[in-house]
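Have the structure open and follow along.

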Amino acid sequence: MNICINDKIFGIISDVVSAESTEAYVIGGWVRDCLLNREHSEKDIDIVVIGNGIELARKTAKKINPDIRVSVFRNFGTAMFRWANYEIEFVGARKESYRPASRKPVVENGSLEDDQKRRDFTINALAISLNKDTYGELLDPFGGRDDLRRKIIRTPLDPGVTFSDDPLRMIRAVRFATQLGFSIEKKTFEALAENAGRIRIVSPERIITEINKIIMCSKPSGGFRMLEKSGLLAIIFPELDNMKGVERKDGRAHKDNFLHSLEVLDNIALETDNIWLRWAALLHDIAKPLTKKYSRETGWSFHGHEFRGSKMIPDIFRKLKLPLNEHMRYVQKLVDLHLRPIVLSQEEITDSAIRRLLFEAGDDIDDLMLLCEADITSKNEKRKIRHLENFAIVREKLREIEEKDAIRNFQPPVKGEEIINTFGIRPGKKVGVIKNAIRDAILDGIIPNEHRAARDLMIKKGRELGLTPVDTNDPGT
Ligand code: CTP
């Protein structure tokens, strides 16, 4: 018995297949991951039917439970339903060909092998029979099983044909190679470079799904290197591609910012599965090419790259179809602040600098520290250790100050409303001036983060601005 079809669902499908005198096979990711002994987190099962996939989906669902809702995508000839933990998709075996300027295939009914041929990679074209007479038999006309053993990504047909049928497959090749730790077979890789331009006809939404999967790999750098080498990166993410290379003047070189960013991404991937923290690692130096300067006296500099970088994020997110929401703002914030702990660690650390950092980073302070630690890519072990020790001091200081002053979720102890009521004024500029004065005094340690001290300062500041208190009741006490 083939262990890949041990689950009860395959027996049920097989019974329906037999009753309907049709043929069906489990194919694609389920078979690949099972043969690799790899946990298939989503439990997606793809069934290819020699005949009508939609009918078989309906009949199978009905046999399990007549209440199961089957979603039919008539245009694609597919149908799917969810049951237990599974998401099971049925498709009629197809023979497809594509017109050059379009992703819309011309589809005809086909044999199992026709269907396997039109799939992206040999390792994704493996099928297992669910038919009674051949139940459990592996059908592998393109050597997918060998490629699994040899850890190779290869297309079943000539790669030029497979990629021009659906150019997203070029990025999928890179994604699978990165996820599985495989290499892309030479001819297949050459076809990536030859067909890179065709990626332009693929929607950014589909591309970003694959890029995010690369980012979530345990060592994402390999994927970005392949994208760069094939020329795909320059098309889909020019800002990142633009970071590569080293310039030399007077015998002085700066580091390759592309490779450095990938190293930081790999480092952070060891620490977190937070995809946005991983994005922040990839993008933290994105403005270095824009801010690069050379001076005889001081060498290479990238002044303000953190600020310019944070300003570039919304545009990058918009183009890549990443969400324009709090995740984007989080990435912006981390890019903007990524030098602050380093600067702090190199100076005499004042409490007020620590308070300001806590205030600006808020709850993201721990993520910021992880990013800064990942940013240490020096090959000089002594220097690396020194940096890490300094960061440990910064962390300790952050903890001490937070415990004492609770700045992380700073809520002004005197609110705008209290200022308005105390002086009998309308909302406006003066309210803002007083609020900022209170905040700065707290962050600079001039007054404690408490209501009474803040209120006293409010009265003093108000008087300086020509205001007289009309309401001397102290609402906060
Ligand atoms: N497929 C393809 N070309 C694509 C997308 C998918 O040939 N552009 C085929 C492959 O046979 C693939 C199957 O459809 O195995 C299912 O696709 P998908 O669910 O995207 O990938 P999985 O292989 O299941 O892998 P993962 O779950 O990791 O995405």
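## Two helices side by side

H16 and H17 are roughly antiparallel to each other, a label used for angles over 145 degrees, with under 35 counting as roughly parallel, 65 to 115 as roughly perpendicular and the rest as oblique. Helix H16 covers residues 305-320 and helix H17 residues 326-337; their axes come within 7 Å and cross at roughly 160°. The axes are lines fitted to C-alpha atoms, for helices over the stretch in contact, with angles from 0 to 180 degrees between N-to-C directions. Helices (H or I, at least four residues) and strands (E, at least two) are DSSP runs, numbered from the N terminus.

Who touches whom? On the H16 side, Glu306, Phe307, Gly309, Ser310, Lys311, Ile313, Pro314 and Phe317 meet Met328, Val331, Gln332, Val335 and Asp336 of H17, where contact means heavy atoms within 4.5 Å. Sorted by class, this contact of H16 with H17 has seven nonpolar, three polar and three charged residues. Here Ala, Val, Leu, Ile, Met, Phe, Trp, Tyr, Cys and Pro count as nonpolar, Asp, Glu, Lys and Arg as charged, and the others, Gly among them, as polar.

## About the model

This is a predicted model, with residues numbered from 1 along each chain as its sequence is written. Local features need pLDDT of at least 70 and side-chain atom pairs count only at pLDDT 80 or more, while totals for chains, interfaces and linings use all residues; side-chain values use heavy atoms, leaving out hydrogens and water.

## The sheet

Now for the strands: seven of them make an open sheet with mixed pairing, in the order E3-E4-E5-E2-E1-E8-E9. Two strands pair if DSSP finds at least two bridges between them. At the edges sit E3 (71-73) and E9 (138-139), each pairing on one side only.

E1 pairs with E2 (residues 44-50) in the antiparallel sense over five bridges, and Glu23 has Ile50 in E2 as its bridge partner. Three bridges also join E1 to E8 (residues 127-129), again antiparallel; there, Val26 is partnered by Ile128. Elsewhere, E4 (residues 78-83) and E5 (residues 86-92) are antiparallel over six bridges, and Trp83 stands opposite Tyr86 in E5.

## Helices across the strands

Helix H1 (residues 8-19) lies across E1, E2, E4 and E5, at about 15° to E2. Helix H3 (residues 53-64) lies across E1, E2, E3, E4 and E5, running at about 20° to E4.
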